[in-house]
Amino acid sequence: MESKAVLLRRWLINFTNRALRRLGFFPFTLFYVVLNAALKVVQLRRGHIFVRVGEVTGEATSLPRSVMLWLDRVLTGPPGYQFDVCLRLPREAADANLHDVFSVLLTSPRFRSVGLYWDASSLADDLTLLQAKQGRNNPTVWATSYEDLGSLSFKQLQEFFQSNHEGIVLPVAVTRDAQTLLKRQAGGAYAVCLNLPGELRSLADTVAVARPDVRFFDLAPALPTTKAANSQSLYGYGLNLHERMALVQAADAYVGSFDEVGCAALVSGRPAILLGGGTGEQPDRISRGEISLWFPDPAATPEFTESVLQFLSRQLGPGGNR
Amino acid sequence: MNSVSSNENSQAMSDTQGLVRTSSDAGKPMIGIYDFSYGPYALGDALTWTMNLNVSAAAAGCDAIDQYLVIDLSRPGSRYQPFVNQHNYVSIIDNLFPAFLCSPILRSLKLIRYPPTFNLFLLREVVRRRPMWPPFSSHLNRKLDFISHRRINAFYRKHGYLPWLTAPRGYGAWADGFRRTHCGGRFVVAVNIRQGTLSLTPANLFRDSPLPEWHSFIRRAATRHPDVLFLILGGYTEWDREVYCLPNVLIPRAMGFGLGHELALLHRADLFMGSSSGFAAMATFCNKPYVITNIQHLFSPYIDVPVGARQYPFGNENQVLYWETETQDVLLEFFEELHALVRGKSAS
């Protein structure tokens, strides 16, 4: 229970802040800057600051997914905790996906600021204003908050697959548009998002033929190959990452790569079959309750196809309209 | 393919012209502040701001740029854009983000939506006497000159060159690959036809260009110059369906790409043609050959160019300003003139 003095002080600060913000000219803006900077200094001294630092070394080929897993892991804590997130990036990137990385960062409900750095000294300099004093002096805190995002291990994927998630927040208009698209295209039928890797493209045709009662929406970045009437390629729709994530969250199930879109399906609790991410030494399938199934190293075999169809039957029913 | 490789070589040189790229971690930084409570969410304004940063950095002898994008959640948009609110600003900044990656000496970019954090950083930079754009005094008065070319022209007059923008960080090599894969050594023209009526946030519709004239121009140009490929740039809603039926056309957005890819493709294109708008600002500030049409006359004092003049003060013979509404004949005439000039230069 906070004392009256604390509540009064907080009210006074908020009131002053609001008043100064309305008076948007000098010298009130200077008072506003100084007051806010002082607030931040107090927070730093009290340790009410949480910063997470990720570093990308070498050529990270699926950085948006790595960042998504990392945020899910490190931005945790009691409700209301907010974080400053810093990413140290290589100047020469392996893929042109920095925009997707930024989009992933924006989906976190807990970020307060995001910093992208192409220079180690600049990052170190800024951390002195982001990290609480005891954090700077405590190597344990530092060690746990600084992570290499350059490579993603099977173990990290498995932990993400099995853990509970706080969820992501997408812009309301994006969510609305995804639901509208599915309403218009699928009506009352089940809607399943496909996002199959190239070597498993034939599965798109097979499941579409086997489940004529379901509308399939293909997100894969490749030209459409299926001619089934109940399957529709969204490749040419020009959807950005938020829009693709919203679509898999609005659909009834997801079958596709364990990439950032697959992660979005998983964190939103949609029935999902995730494909890839293994090295050939893992079990051929890993399940999480009834709702998620992961094939780390899938091959286009009849058994695999049958597994996918069985999963869809379990989640959506054996066939016919719902 | 010769033209492509020569284009790549020239880009590599122009990427750092006038600016010292930081190769080590040391650097004297220029501070850029884009506070959306008084600065608009707009492609052209973001690019003009970045160009002002480049110019200010070069003038101050800085070899790095630290950018601060500031969003105050209680006031996420400026008075120019009252439709921006807490529920849609994320989409808007997400769509605009690649525009802030176009400085070749960008060292860090921070998006801060918590005022105490930003203001502590700001005070630190002020105490360190770091050069800033906008200047600290302007920021305190919530003023940002996001339109005029006053500083840019002054720098050019004094030094005889400009520190140009480059492809967004991380997208240049991708654009080179795209040209190799999809353009096959053809003469690439990046095209943006302003269509505010089709955009998600319609504004200033009087600045829109006549679509039928552009479509006819592309048809005629493709017939007369089959070696030309047109890249249609702009948001997914902003081009007309008829574009799909035009010859020699690729639409990057319909291929799954976004603004970062488009800006990089524009940077690597042989020529830009389009209405006075955001993409035209990119062409202007990355020193491409261009034709910019339908320039508003009221823009003249801001850019210090008399109405009707053919070039910016820093422009050359390949960089044409056209102040009237374009017709297909005008477009074809300019295209053929610049096509010959650019082809001639790359051959020589």
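**View 1. H2(B) and H10(B) are roughly parallel to each other, because angles under 35 degrees count as such.** This is a predicted model: local features need pLDDT of at least 70, side-chain atom pairs count only at pLDDT 80 or more, and totals for chains, interfaces and linings use all residues. Residues are numbered from 1 along each chain as its sequence is written, with chains lettered from A and ligands numbered from 1 in the order in which they are written. H2 of chain B spans residues 43–60 and H10 of chain B residues 278–285; they pack at about 25°, axes 7 Å apart. Axes are lines fitted to C-alpha atoms, for helices over the stretch in contact, and angles run from 0 to 180 degrees between N-to-C directions. Helices (H or I, at least four residues) and strands (E, at least two) are DSSP runs, numbered from the N terminus.

**View 2. Residues where H2(B) meets H10(B).** H2(B) contributes Leu43(B), Gly44(B), Leu47(B), Thr48(B) and Met51(B). Facing them in H10(B) are Gly278(B), Ala281(B), Met282(B) and Phe285(B). Contact requires C-beta atoms, placed from the backbone, within 7 Å. The set has six nonpolar, three polar and no charged residues.

**View 3. The side of chain B that touches chain A.** Chain B gives 46 residues to the contact and chain A gives 42. H3 (89–96), E3 (106–112), H4 (115–127) and H9 (259–268) of chain B each supply at least two residues. H4(B) provides the largest share, nine residues.

**View 4. E3 of chain A joined to E3(B).** Five bridges link strand E3 of chain A (residues 111–117) to E3(B), and the strands run antiparallel. Gly115(A) has Lys110(B) as its bridge partner. Strands pair if DSSP finds at least two bridges between them.

How values were computed: Parallel < 35°, antiparallel > 145°, perpendicular 65-115°, else oblique. Contact = placed C-beta atoms within 7 Å. Nonpolar A, V, L, I, M, F, W, Y, C, P; charged D, E, K, R; others polar.
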